Amino acid sequence: MTRSNTKIGQHYWLLFQDGCCYLFPAITWTSALALFGMMLLTVLDVLGRYVLGTPILGGSELTGFMLLVLVMLMLPLLVFKDDQIRVDLLTDAISPSVAKWIERIYALGLSVGCVYLAMTVFKLATRADRKRLVTEYLEIPASWAMYAIAACLFLSAFAFFLRAVCTTAVLEHRLQSMEGDRHD
């Protein structure tokens with residue numbers, strides 16, 4: 001019975017990942033453009049500052065926004081693709097079924113943490129929107145960036161929740177390889 005639930009969970013997780021096949025390239029390309037923009041803006045700012053004696057006005061603000069886009073858009077993508085770094089110190093000492101439950105509890109904890117952070121950032125964004133806060137030089141409204149952060153955190157929380165409920169194919173493959181190592 002556990003096997004069929006696992007297969008159903010893998011099926012839904014893979015369907016969800018396939019459904020996001022249009023979202024992943026958009027996130028990747030947007031992040032790549034932000035990284036290229038940061039590089040180009042930094043080079044032009046340094047050249048303007050030391051060669052022409054005039055830095056780009058608001059260059060640091062634009063670089064900060066592009067860094068925000070880069071980091072926050074990559075967070076849900078890394079969660080969906082299971083590309084985060086992990087250190088498994090006790091994996092060999094516990095049974096695969098216990099490892100699966102630990103993974104689920106871990107994913108649920110991260111989901112709750114992301115929801116809490118997203119709600120906090122959303123409250124800060126509404127406060128910034130209400131007070132009409134803008135950046136210092138370019139007078140860009142600060143609230144849109146905070147709303148984007150909250151949206152990315154909610155998306156990451158959803159991905160962690162799905163991982164906890166469905167048990168990803170990556171985890172199943174890892175557990176099967178651990179079972180194979182123990183029987184050898």
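Helices here are DSSP runs of at least four residues, numbered from the N terminus. The model is predicted.

**Stop 1: leucine 155**

Select helix H5, residues 143-166, and pick out leucine 155 within it. Its relative accessible area is 26%, so leucine 155 is partly exposed. Now show its surroundings. Leaving aside residues up to four places away in sequence, leucine 155 touches Leu23, Pro76 and Phe80.

**Stop 2**

The whole structure holds two aromatic pairs. For one of them, select phenylalanine 65 and tryptophan 144; the ring centres are 5.3 Å apart and the planes stand at 25 degrees, so this pair is stacked. The cut-off applied here is planes under 30 degrees apart. Phenylalanine 65 belongs to helix H3 (residues 59-81) and tryptophan 144 to helix H5, so the pair ties together parts 79 residues apart in sequence.

**Stop 3: helix H4**

Next, select residues 96-131, which form helix H4. This helix has 36 residues, and the distance from its first C-alpha to its last is 52 Å, close to the 52 Å expected at 1.5 Å a residue. Colour H4 by accessibility: its buried residues include Pro96, Ala99, Glu103, Ala107, Cys114, Val121 and Ala128.

Arginine 104 lies over the face of tryptophan 101, at 5.0 Å from the ring centre. Then step just past the end of the helix to arginine 132, where phi is positive, at about 55 degrees.

**Stop 4: the salt bridge**

Side chains of opposite charge can pair when their charged atoms come close. How many salt bridges does the model contain? The count is one. To see it, select aspartate 45 and arginine 49, whose side chains meet at 3.1 Å, N to O. Both residues are in helix H2 (residues 23-52); because they are four residues apart there, about one helical turn separates them. Aspartate 45 has 15% relative accessibility and counts as buried. Arginine 49, at 40%, counts as partly exposed.

Conventions: Residues numbered from 1 in each chain as written. Predicted model: local features only at pLDDT ≥ 70, side-chain atom pairs only at ≥ 80, totals over all residues. Heavy atoms only, no water. Salt bridge = Lys/Arg side-chain N within 4 Å of Asp/Glu carboxyl O. Helix = DSSP H or I, 4+ residues; strand = E, 2+ residues; numbered from the N terminus. Buried < 20%, exposed > 50% of the residue type's maximum accessible area, 1.4 Å probe, protein only. Contact = heavy atoms within 4.5 Å. Phe/Tyr/Trp six-rings, centres within 6.5 Å; stacked < 30°, edge-to-face > 60°. Lys NZ or Arg CZ within 6 Å of the ring centre and 35° of its normal. Expected span 1.5 Å × (residues − 1).
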